[in-house]
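Here are my notes on this one, written for someone opening it for the first time. Have a look at the chain, then go through the points in order.

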Amino acid sequence: MRAYDETHHKATSVAKHSEDVACTCIRMCRLLKRFGIDISRKDVVNAALCHDLGMLDRDDVYENDRECHRLHPVESVNVAKSILSDYNDVVEDAISNHMWPIAGDFPKTREGRLIVVADKYCAMKDVRHIMRLYLALLLLRVGIILP
Ligand SMILES: [Fe+2]
Ligand SMILES: [Fe+2]
């Protein structure tokens, strides 16, 4: 529940972002299944919901954004281990390497690679909302929206 209070990408919360990544993964799994590519939805959803839990209280835990980017996957693995009854190596690979190529290694599993793509896609959606807000403020500032 604390993840709903932790802001993420300046436009959402860690929890909402994680739910977004999980839903995106499920849609991508459905699509890939049509091409005969089978991916464990259970592992992908588990990994998606836990991948950023290591970010909670990030201002107190990490020195700066760079350290947070590098270390939150490690802490997310620790959290996932403590709360998931069906934690396994696939989930660990997906969580530890979801920040690739910024941090971690290229994921060894399909589930891990799917999380990398879904996480970046969802992050871009979050930033798009910020860009809209900036554009609206800029238009206000230059007097295009209001004289
Ligand atoms: Fe992350
Ligand atoms: Fe994320």
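1. Which residues does C25 touch, not counting residues up to four places away in sequence? The list is V44, V45, A48, L114, I115 and A118. Touching here means being in contact, with C-beta atoms, placed from the backbone, within 7 Å.

2. A word on what you're looking at. This is a predicted model, where local features need pLDDT of at least 70, side-chain atom pairs count only at pLDDT 80 or more, and totals for chains, interfaces and linings use all residues. Residues are numbered from 1 along each chain as its sequence is written, while chains are lettered from A and ligands numbered from 1 in the order in which they are written.

3. Now the overall layout. The chain has 6 helices and 2 strands, and from the N terminus on they run β-β-α-α-α-α-α-α. Helices (H or I, at least four residues) and strands (E, at least two) are DSSP runs, numbered from the N terminus. The C-alpha trace spans about 60 × 40 × 30 Å along its principal axes. Of the chain's contacts with a separation of 6 or more, 55% are between residues 24 or more positions apart.

4. On burial, 31% of the 147 residues count as buried. That label needs 20 or more other C-beta atoms within 10 Å of the residue's own; 12 or fewer makes it exposed, and anything in between partly exposed, with C-beta atoms placed from the backbone.

5. Back to C25, which belongs to the largest nonpolar core, a set of 23 residues. C25, V44, A47, A48 and I115 are the members that touch the most others. The elements giving two or more residues to this core are α1, α2, α4, α5 and α6. A nonpolar core is a set of buried Ala, Val, Leu, Ile, Met, Phe, Trp, Tyr and Cys residues joined through C-beta atoms within 7 Å.

6. C25 is also one of the buried residues of α1, along with V14, H17, S18, V21, A22, T24 and C29. Their cover includes β1, β2, α2 and α6. Just after α1, G36 takes a positive phi of about 80 degrees.

7. Helix α2 is mostly covered, with 7 of its 10 residues buried. Those residues are D43, V44, V45, N46, A47, A48 and C50, and they pack against α1, α4, α5 and α6.

8. How do α2 and α6 meet, and at roughly what angle do their axes cross? The axes come within 10 Å and cross at roughly 45 degrees. The contact is made by D43, V44, A47 and A48 of α2 and E111, L114, I115 and A118 of α6. Axes are lines fitted to C-alpha atoms, for helices over the stretch in contact, and angles run from 0 to 180 degrees between N-to-C directions.

9. Two backbone spots are worth a look. Most residues other than glycine have a negative phi, and most peptide bonds are trans. D57, in the loop between α2 and α3, has a positive phi of about 60 degrees although it is not a glycine. D57 counts as exposed because it has 10 C-beta neighbours inside 10 Å. A cis peptide bond joins W100 and P101, with omega about 10 degrees, and P101 sits in the loop between α5 and α6.

Conventions
Contact = placed C-beta atoms within 7 Å.
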